[in-house]
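Welcome! Please take a look at the structure below, and then let us walk through it together.

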Amino acid sequence: MTTVQDLPQIRGVKNIPIQEGYTSGHRTCQGCESALVMRLMIKAAGPRTIVVGSTGCMYVANTTYYSTPWVVPWMHTQLGSSGSAAMGTAAGLASQMRKGKMKNEPINVIAFCGDGGGVDMGLSAVSAALQHDEYNLLILCYDNESYANTDIQVSGSSPWGANSTFSPPGKVHNIMNKRWKKNTAPMLAVGHPNCRYVATACGSYGLDFTNKIRRALTIGGPTFIHSIDPCPKGWDYDPKYSHELGMLAVETGIWVQYEIVDGELILNGPTKAIANGIRKRKPVEDYLMRQGRFAHFTPDDLKMFQAKIDESWEKWWIPGVVPMSPEAGA
Amino acid sequence: MSTVAVEVVYRGIFQKSLARNIVRSIVFAARKEGKIGTAFGRYGDSPERNGIPAKQFAIVADTAEELEENLAVYQAHEVDVTINVDDTLCKGVESWAWYGLEPINKLTKPNGTLIVTSRQTAESLIEDIHQREEPFSLSIIPGVPSFSGLWVYKDDHTDVRILGTLCKVCPQLVSLKSMVEAIKDQGWSDLKITSAEKAYERATDRPVEPGEGSASVPFSFELPGWKTMEEGLVIRGQGAGGGFRGGEEGFQPDRNEVFKKWSTRSMRPVVNFETCIKCTLCWLQCPDTCFDVTPDGLFDANMEACCGCGVCEAVCPVPECVTMVNEAEFNDNNSQWEAWQLDKDGYKKWMTVLIEKEKLVERTHGFHHVGQYAEEAANAGDN
């Protein structure tokens, strides 16, 4: 296994590096949280980093029409192959260094995928990459809860009931997306016991986010981070609320912030305060009714949504994380 | 034998349904008169991004052959009427695709009409619109530009008011009578018909002479041909950036020179450098990396890069330290920090006037929940 870079944890928001690896001039929406996630990711990783990206907003918006905001090297890979591309890049670097064809130095390898690329199509490749623990790499899933680039189709990560091009509410059937959001990060943590680091994150918590990237890159082996990215286009809200909606997702208990380090679960930020009973969960209505994609919700739909979130906090073995029970028949 | 073309220039997603309603209604109305037409969005604008300028077209012809002739091109080369549904687009249109900045009246035929929804005066709008050699007319529909979301449409009658005005300024397209029938056919209310008729009666027309307007030259680029592109379609990355304005201190990132994104902006942040506590949040949370770090540790929003999302205003913990102001108030993209350095008292006065004015007419991005328009209308009183 090659060595990792020295990327110490950042103490205080004012110590986040000033240098940019992802700059202005990308073709994203106003207030795009995923663009912010790219920017924070590369701030934390630093200039000696190779980024590989599967198809999605962050591919199309950042390299179309022969121009790019990337400062660091970046390569496109197919929709389902962020995992294989990350592993291939890491293996290629290791091989080139072993043969003396390039200087032996730790280079970060990050592959990103959207929820379509990571939670749906590329899940098997992500899983394969997480099994090969001789390579250092990070797979970052930026989850805007739909196929946002192609104008909002349902993905396995779309929340129950959300309006989309594939699930428009009608007069007879109000709820057209009947699937509950896939619980991706715990699935990958449970399924790959040798993977040393799996985390969830949100760009609204900038310091927490950058430190999670650094932990993932320095712990060694393949790692996975799942980030929730409010999408002003598909979620349908005023772009200035991107930051606030990310926080509301956490404060309502819909999105749970944690790290799983060598099998140990560490809750972060407001999630930790909620789990410890220091803070109360905000009602999901505060979050849902801010978004046009839930504008068709009836009071019953809201109740249903709230009940599912309550259940994940009150009935699950590990609240918000593991939806099973150790007791037989429970 | 004739063909009439109309384009609608709008803010991506926010005004997508509005633009669609306009171009579709034109074609429906034309069919009432035995003509044939088609309505379509420009391929290069899709998939749309919030706020990034986009275009939809309606082309109406007497015969199918004439229509086909016009549809054989990627977009209309010239249009009889340009409809601009957000007045800040008068400063120019930089498409999602790579064209540089295009004047709003680029496709408008000589003696054609530019319809704009705006609260500004004709003189103030003409200041923003690029000069050209052929005359055209400016027709203003008074009102705040109508912004919706992807799923929730703000039915404030902007669509029918534009259609009514269009029938007046371009009588060769369709008659008001056919337009009213087309509105009825779509199941819209009688109130919307009244709005269209009133707009027809009240339509104004201000001739714009050659040479009137902004003298600024819109930025453009030489597009690489397939022979000049690098092997493997390699795209050169951006530089690492350096000190503020090339100096030793602060930081200024290198930026994508060929896609600037500022024409996406309908509001811009105005910064009070005196109350700034240097918390870094505006800089850190900006998805567009638009803040330059000045030598004194302040954050200067770069107006060539800012697309006006408003996240900086939302995250700033100090009241009125960052305030989003209607883009129509500005005539340049100059640095605010530099202006403040030159004349601190003057800057403060300028800023205070802008912020107070902004409070009177609040401009927002979109419309996102059912019943919001009714609430807004109730709050606005007799407006």
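In chain B, helix α4 passes helix α5 in a right-handed crossing. The handedness is right-handed if the near helix is turned clockwise from the far one by less than a right angle, and left-handed if anticlockwise. Helices (H or I, at least four residues) and strands (E, at least two) are DSSP runs, numbered from the N terminus. This is a predicted model, in which local features need pLDDT of at least 70 and side-chain atom pairs count only at pLDDT 80 or more, while totals for chains, interfaces and linings use all residues. Residues are numbered from 1 along each chain as its sequence is written, and chains are lettered from A and ligands numbered from 1 in the order in which they are written.

Back to the helix pair: the axes of α4(B), residues 158-169, and α5(B), residues 176-185, come within 9 Å and cross at roughly 160 degrees. Axes are lines fitted to C-alpha atoms, for helices over the stretch in contact, and angles run from 0 to 180 degrees between N-to-C directions. The two helices α4(B) and α5(B) are therefore roughly antiparallel (the word is used for angles over 145 degrees). On the α4(B) side, the contact is made by B:Val160, B:Leu163, B:Gly164 and B:Cys167, and on the α5(B) side by B:Leu176, B:Met179 and B:Ile183. Residues are in contact here if their C-beta atoms, placed from the backbone, lie within 7 Å.

Ala, Val, Leu, Ile, Met, Phe, Trp, Tyr, Cys and Pro count as nonpolar, Asp, Glu, Lys and Arg as charged, and the others, Gly among them, as polar.

| Surface | Residues by class |
|---|---|
| α4(B) with α5(B) | six nonpolar, one polar, no charged residues |

The contact between the chains takes 53 residues from chain B and 52 residues from chain A. On the chain B side, α8(B) gives the largest share, four residues.

Methods. Angles under 35 degrees count as roughly parallel, over 145 as roughly antiparallel, 65 to 115 as roughly perpendicular and the rest as oblique. Two residues are in contact if their C-beta atoms, placed from the backbone, lie within 7 Å.
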